[in-house]
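Please keep the viewer open as you read.

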Amino acid sequence: MTASTLTAPPSPPKLLNQYRPYWPKRFGTAPFLPMSRAEMDQLGWDSCDIIIVTGDAYVDHPSFGMAVIGRTLEAQGFRVGIIAQPDWNSAEPFRALGRPNLFFGVAAGNMDSMINHYTADRKIRSDDAYTPGGVAGKRPDRATLVYTQRCREAFKDVPVIAGGIEASLRRIAHYDYWQDKVRRSILVDAKADLLLYGNAERAIVEIAHRLAAREPVERITDVRGTAFLRRTDDATAAGWFELDSTEVDRPGRIDAFINPYQTTEEQAAEQGTTCAKASGDAPAADGAQPIRIVPSARALSGRIQLPPRERTVIRLPSYEQVKSDPVLYAHASRVLHLETNPGNARALVQRHGERDVWINPPPIPLTMAEMDQVFDLPYARSPHPSYADEHGGHDGATKIPAWEMIRFSVNIMRGCFGGCTFCSITEHEGRIIQSRSEDSIIHEVEEIRDKVKGFTGVISDLGGPTANMYRLGCWSPDIEAACRKPSCVYPDICTNLRTDHAPLIRIYKRARNLKGIKKILIGSGLRYDLAVKSPEYIRELVSHHVGGYLKIAPEHTESGPLSKMMKPGIGTYDRFKALFEKFSEEAGKKQFLIPYFIAAHPGTRDEDMMNLALWLKENGFRADQVQTFYPSPMATATAMYHSGLNPLKGISRDAARAEKVDIVRGERRRRLHKAFLRYHDPNNWPLLREALKEMGRADLIGNGKHHLIPTFQPATDGSYQSARRKNSTPVGVKAAPNRPVAKAGAKSGAAPAGPKILVPGSRAQAAPAAKAAPKPGTILTQHTGLPPRATGTAKRRPR
């Protein structure tokens, strides 16, 4: 018998438009949320109700978290101020807008601060796409933690609420790649009153209204999508049923079989009871007792009846346990990922010393009407005026690269049910797709056309986390509420999943037919295993929405690493490629696919990378930049990296039952995997020759077309330098604003040294070995893989 997982969906939450607006709503809408006291004075404010502290520059656009949360709270009637990228060396900048009446909201920004600062090789990045001019160093490491502590210093009695992706992915004890150890929940270190994870509109609105009604923050313990600290003896935890999941290989509830040869008296004696009638009752004349059979719920249903999910909490292994035991870390990761469906997730609790980190179930997704409400708010769609250059614009020295990328794009949905183990989208936004209405999307396209400065008629993207998951989901709400699968498309597309792309095709057609719109491009990543289910969608996409190149992400060609990523086999890519080329030819267009691949992912053997390199060469792809696996906090692949076990297959201390995962550690092996992706780079040939000989594949070394690398070696130093590293500032050299950085050892004004290299099989010579670095803030693609042009240079599209 197994425990029942079917459960009724949670009761409908209070909608965003059902709250009575707070009284300052009479002040109206601010053109920009204020960042200074002078702006507050212009608005007639004596104080802010809520102050949002963020690690990004303030861009009033629905693709930036601080703008979405700020405008959503403003629509509820609250006065919201912004403190963007403050100097964290003292608490004074956090007092710039005065004391907030309700709370501080703290977020590191749209991007995790550690990933923002460091490459996958733990090298310091030289730029920050979310800062004016792309300047690095405007936010601290672990920004959420630092900002929260500074808010505490500025105003000790003001509640602090942490949110954003950095806090979201650190809500429990987590492996920290940069320190190579398990760290405590960020709640414990930051000492925030509440942590909001996932899309936070519903939670932040409820919390703001409850705080405005003078409810103490320590009593707000029932909001979905929040985490908080509790003492182990806290009386507010009374009435909860706790399921112990602090160990692996522990059997669940076992019901004893009834022995048909025992009398009822013998069965009762075994259980420590008696069949004698209770005292005070008159016995029957013959001493016999009447038998009354009461069927149990289990007998009727055939399932073990568990306590109600809404009052059940699962106790995970403590921080102290997972810190010292990788097996328990992997077990905790598996349990957490099983409890992510808002329809059936239970609360989680994890002990940290004398206190518990209590994590409520995920938030209920926004309805389509609520999504429209959030995205239809009066965003200025521009950076704050304080970032303007000497000409009063944002296209010069103070341009914000991340804003430039999404300036003319439209976000049509949220969430992703792909479940890729290396990705944080599902952990943050959830598996259930939250889509906007067609009219709301078209209205935003018209707003860009009519109001956004510099618009040339080209919409750069209609997408989201994934380009083609708009309005896709489960056929049955009941099945969706009960489902506990980590992915709807792995190992195969679920039979209950709607794959009809007709609503998305209608939007594409309607948007491209708008007056003044020349082109609608699709810049978001495409889920090609879904696309092949709708050839008409591929026809529309290829015929009208591809600007010559379309990026997709097979990630690998071999089944071993693909099974650890939860990605489809390369055969699906081949089917999509055939349709892509067919419809491109019908449209009379010469267009190319740009596949992305990951090096050094858990479960990848050296032979897997060798086979991938052979596939790349056979298909004529040359990776410009290499995407290396980056263990982000809380991802399933990160649990594999830390523990060496596969949580997807279950965790056990029995070596015969647990699946071990090949982990790529150490600088040399990571270099080797990246070198296979860049097999065409002569700097990598010495390393590849050595590795191929060790693998017994010296037959791939030679000067023929069927060989992977040649036997000859050009005049290079044989060292490896990643494309990202070439864009990094050398140690000890300060970059002048918006000027290329001279490479170490190069003389100013001198031509770059180094021979030109003719790569076998190419149509043109490679660029000189040494190049001037791009301007700070320039966003480079991760991978081009483009067929060489006649000119010998291939254009690079920003990703």
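## The ten-stranded sheet

In what order do the strands of the open sheet of 10 strands lie? The order is β3-β1-β4-β5-β8-β9-β13-β12-β11-β10, and the pairing is mixed. Strands here are DSSP runs of E with at least two residues, helices are runs of H or I with at least four, and both are numbered from the N terminus. Two strands pair if DSSP finds at least two bridges between them. At the edges stand β3 (80-84) and β10 (241-244), each with a single partner strand, so one side of each has no neighbour in the sheet. On average, neighbouring strands of this sheet are turned by 25° against each other, direction ignored.

Before going further, please note that this is a predicted model, in which local features need pLDDT of at least 70 and side-chain atom pairs count only at pLDDT 80 or more, while totals for chains, interfaces and linings use all residues. Residues are numbered from 1 along each chain as its sequence is written, and side-chain values use heavy atoms, with hydrogens and water left out.

## Pairings within that sheet

D244 has R315 in β11 as its bridge partner. Helix α2 (residues 65-75) lies across β1 (50-54) and β3, at about 175° to β1. Such angles run from 0 to 180 degrees between N-to-C directions, with axes as lines fitted to C-alpha atoms, for helices over the stretch in contact.

Strand β13 (residues 355-359) has four of its five residues buried, so the rest of the structure largely encloses it. Buried means under 20% relative accessible area, with a 1.4 Å probe and protein chains only. β13 pairs with strand β9 (residues 226-231) in the antiparallel sense over five bridges, and R355 in β13 is the bridge partner of R231. Strand β12 (residues 347-352) is also antiparallel to β13, again over five bridges, with L348 partnered by I359 in β13. β12 and β13 form a hairpin with two residues between them, and G353 in the turn has a positive phi of about 65°.

Five bridges join β21 to strand β22 (residues 592-599), and two bridges join β22 to β23. A599 stands opposite T628 in β23.

In a regular strand the side chains alternate between the two faces of the sheet. Strand β21 (residues 549-555) is covered on both faces: Y549, K551, A553 and E555 are buried on one side, and L550, I552 and P554 on the other.

Is E555 buried or exposed? E555 counts as buried because its relative accessibility is 5%. E555 stands opposite F597 in β22. Leaving out residues up to four places away in sequence, E555 touches F422, M565, K567, Y596, F597, I598 and Q627; contact means heavy atoms within 4.5 Å.

## Helices to look at

Helix α23 (residues 636-643) is mostly covered, with eight of its eight residues buried. These buried residues pack against β6 (174-176), β7 (181-183), α11 (326-338), α14 (425-429) and α20 (559-565). Just after α23, G644 takes a positive phi of about 75°.

Helix α24 (residues 667-677) and helix α25 (residues 685-694) have axes that come within 10 Å and cross at roughly 100°. That makes α24 roughly perpendicular to α25, a label for angles of 65 to 115 degrees. R668, R671, L672, A675 and F676 of α24 meet L687, L688, E690, A691, L692 and E694 of α25.

## The whole chain

The protein chain has 26 helices and 23 strands. Of its 799 residues, 53% are buried. Among contacts between residues at least 6 apart in sequence, 75% join residues at least 24 apart.

Conventions: Parallel < 35°, antiparallel > 145°, perpendicular 65-115°, else oblique. Buried < 20%, exposed > 50% of the residue type's maximum accessible area, 1.4 Å probe, protein only.
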